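I opened my notebook to look around this chain one piece at a time. Here are my entries, in the order I made them.

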Amino acid sequence: MESVIQEKGNLSIHTENIFPIIKKFLYSDHEIFLRELVSNAVDASQKIKKLASYGEFNGELGDLKVVVKLDKDAKTITISDNGIGMTADEIKKYINQIAFSGATEFVEKYKDKGEDGKGDKGIIGHFGLGFYSAYMVAENVEILTKSYREDAEAVRWQCDGSTEFELSPAEKADRGSEIILHIAPDSEEFLDEHRLRGILEKYGKFLPVQIEFEDKIINNPNPIWTKSPADLKDEDYLSFYKELYPFSEDPLFWIHLNVDYPFNLTGVLYFPKLRNDFQGQREKIQLYSRQVFITDEVKDIVPDFLQLLHGVIDSPDIPLNVSRSYLQADGNVKKINGYITRKVADKLSEIFKNDREGFEKKFDDIGLFIKYGIISDDKFYDKAKDFCLLKNTDGKFFTFDEYREAVKDNQTDINDTQVWLYTTDEKKQDAFIQSAKKRSYDVLSLTTVIDSHFINALEQKLEKVNIKRVDADTLDKLVEKDVKLESILSSDDQEKAKKIFEEIAGNKSANVQVEAMPVDELPVVITFPEFMRRMTDMQASSGQRSMFGDMPLMYTVSLNSNHPVISRILQSEDESDQKVLAKQVYDLALLSQGLLSGSDLTQFIQRTVTNL
Ligand SMILES: Nc1ncnc2c1ncn2[C@@H]1O[C@H](COP(=O)(O)OP(=O)(O)OP(=O)(O)O)[C@@H](O)[C@H]1O
């Protein structure tokens, strides 16, 4: 057997292998070539502007513009700019040496220049690979360029995707570059003006230099997120929203993001009208890097609940073209997450403090969002706990603290725990809500898709608070008090009543019990244990089918031992009379829970009509 000797060395890379790799794997989406080449042209234009501002270029800047031209007959796409251009030496350095980025070098060189000491502002490239993405669609690429330097000579570079290139003197009157792509037969789909305009509008809609295609400027070089909030009016934000989402309703409000340290980020986030739906609204945030569109999949950059917002985030500090798992672990991305969450919470808190009435009016829309935030993000909860509102069945709003105070006297039970009652459907649970109100209990209206999760989260976070649906049990059991009502029935009679109703329920899942309730409450009350409710509610909101079928597996039948009808049933001599009466009150209880249907309901109606 051959023995292995310890050895160190360099892996060798053969450049002839690199083109096929670039062509296949550099970007999964071939249309990106246009984004890359137009970005380079924009960079070249920004650089000349900067050089002029640093006094290193004293010629005429002219009208800086990038022009994209399609020639179907010649099968070429040409991207021209009047930026800094390149000398033959620069081509050798920046183009021939793959992955040697001239952008990075420019930024390094000028990093301390400019009033703000940020020489890199506005320069897009930094990997040094973008240019080669041209070979994803072209079989041959030409560069015709003339540097801004005095006495510079124009040069032509050409390469057919092998490792050989040609560099020669050329004729070009004006400063700048032309990149001519000879489109490969398998990429002729790009020789279509609609397709090209589509790609340009997607990636270049907000590029900072004018982009012309077929004699029209396709971009808005000064989108509002690049401006100072002090210079903007509400109309500006609204019309930008319309520019982004042409057919949407106006947003509720917005946040202008602007931070330079410890990372760079600008943007505008809008709160849309959510309307109880938060699936259809996602993937509306667009991510830009120095005004170049990158993606509208911001899953890994923006916390889940914030994806309900709309708008634009622009950050050169979010690593692009890297794997998802890397992105999630990235320190900047984490900081950006935290920053956006904080900003959003601060904005909500500000509106709440300055305009409580307006905040309450918008709460049906923003409530969903705030609750989602509370469920999923502890840091957000820390801020939101002071402005998240609870609405009761009378339409009155409370903060958590206000609500604690409001129900303290009446709804604290023997364990010194507050019981907050809620309804998920005011109409269906009306009988229970009315009974609760008779005792001056307050009932919260928690009717949105997210509320079952929200209630769980609240119980975990709020101390000494139990949240129970108003029909989870009889009121005496929901809010247990020291003083208990006496039952007028003897324990023998109670046992008898229980038997009669057990027979009528005829159902193992109904748990019959006797309880001393006030006389003015119903003779029979049907309730569902809270835990059972929650499981079914949560399953329903997460879109799963309930494992309990249509009706919950277990329910409680409480007989009011103080109600005269129960006494009448017990006193009845005739067994069939007794049954009819018991069945009638039992069906009434089912009816008030919406549980009486089909032949049971028909029989109930028949019986009732004949006894009129
Ligand atoms: N139109 C142009 N005008 C002037 N210089 C250019 C032009 N296109 C490319 N270059 C030069 O070639 C270099 C390499 O470009 P390339 O697109 O490969 O990388 P990059 O722009 O630096 O980084 P990225 O990979 O992020 O695009 C640029 O940094 C720039 O110096």
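**Contacts first.** I count two residues as in contact if their C-beta atoms, placed from the backbone, lie within 7 Å. The model I am reading is predicted. With that cut-off I looked at the contacts in the chain with a separation of 6 or more, and residues 24 or more positions apart account for 68% of them.

**The whole chain.** I noted 19 helices and 21 strands. Of the 612 residues, 36% are buried.

**Strand β16.** I wanted to know how many residues of β16 (residues 418-423) are buried. Then I went through β16 face by face. Gln418, Trp420 and Tyr422 sit on one side, Val419, Leu421 and Thr423 on the other, and all of them are buried.

Next I asked which strands β16 is joined to. One is β18 (residues 465-469), which runs parallel to β16 and is joined to it by 5 bridges. The other I noted is β17 (residues 443-445), also parallel to β16, with 3 bridges.

**An open sheet.** I then traced a sheet of 5 strands, and its order reads β9-β10-β13-β11-β12. The sheet is open and its pairing is mixed. Which strands stand at the edges? They are β9 (253-259) and β12 (292-295); each has a single partner strand, so one side of each is left without a neighbour in the sheet. On average, neighbouring strands here are turned by 20 degrees against each other, ignoring direction.

Strands β11 (residues 285-289) and β13 (residues 310-314) pair in the parallel sense, over 4 bridges. Gln286 stands opposite Val312 of β13.

**Helix α8 against the sheet.** I found α8 lying across β9 and β10 (265-271). The helix runs at about 135 degrees to β9.

**Helix α8 against helix α9.** Before going on, I reminded myself that two packed helices are described by the angle between their axes and the distance between the axes. For α8 (residues 331-354) and α9 (residues 356-376), I wrote down an angle of about 150 degrees and axes 8 Å apart. That makes the two helices roughly antiparallel, and α8 passes α9 in a left-handed crossing. On the α8 side the contact is made by Leu348, Ile351 and Phe352; on the α9 side, by Arg356, Gly358, Phe359 and Ile370. Sorted by class, the residues of this contact are 5 nonpolar, 1 polar and 1 charged.

**Helix α15 against helix α17.** The axes of α15 (residues 491-505) and α17 (residues 564-571) come within 10 Å and cross at roughly 85 degrees. The two helices are therefore roughly perpendicular to each other. Asp493, Lys496, Ala497 and Ile500 of α15 meet Ile566, Ile569 and Leu570 of α17. By class I noted 5 nonpolar residues, no polar ones and 2 charged ones in the contact of α15 with α17.

How values were computed. Residues are numbered from 1 along each chain as its sequence is written. This is a predicted model: local features need pLDDT of at least 70, side-chain atom pairs count only at pLDDT 80 or more; totals for chains, interfaces and linings use all residues. Axes are lines fitted to C-alpha atoms, for helices over the stretch in contact, and angles run from 0 to 180 degrees between N-to-C directions. Angles under 35 degrees count as roughly parallel, over 145 as roughly antiparallel, 65 to 115 as roughly perpendicular and the rest as oblique. A crossing is left-handed if the near helix is turned anticlockwise from the far one by less than a right angle, and right-handed if clockwise. Ala, Val, Leu, Ile, Met, Phe, Trp, Tyr, Cys and Pro count as nonpolar, Asp, Glu, Lys and Arg as charged, and the others, Gly among them, as polar. A residue is buried if 20 or more other C-beta atoms lie within 10 Å of its own, exposed if 12 or fewer, and partly exposed in between; C-beta atoms are placed from the backbone. Two strands pair if DSSP finds at least two bridges between them.
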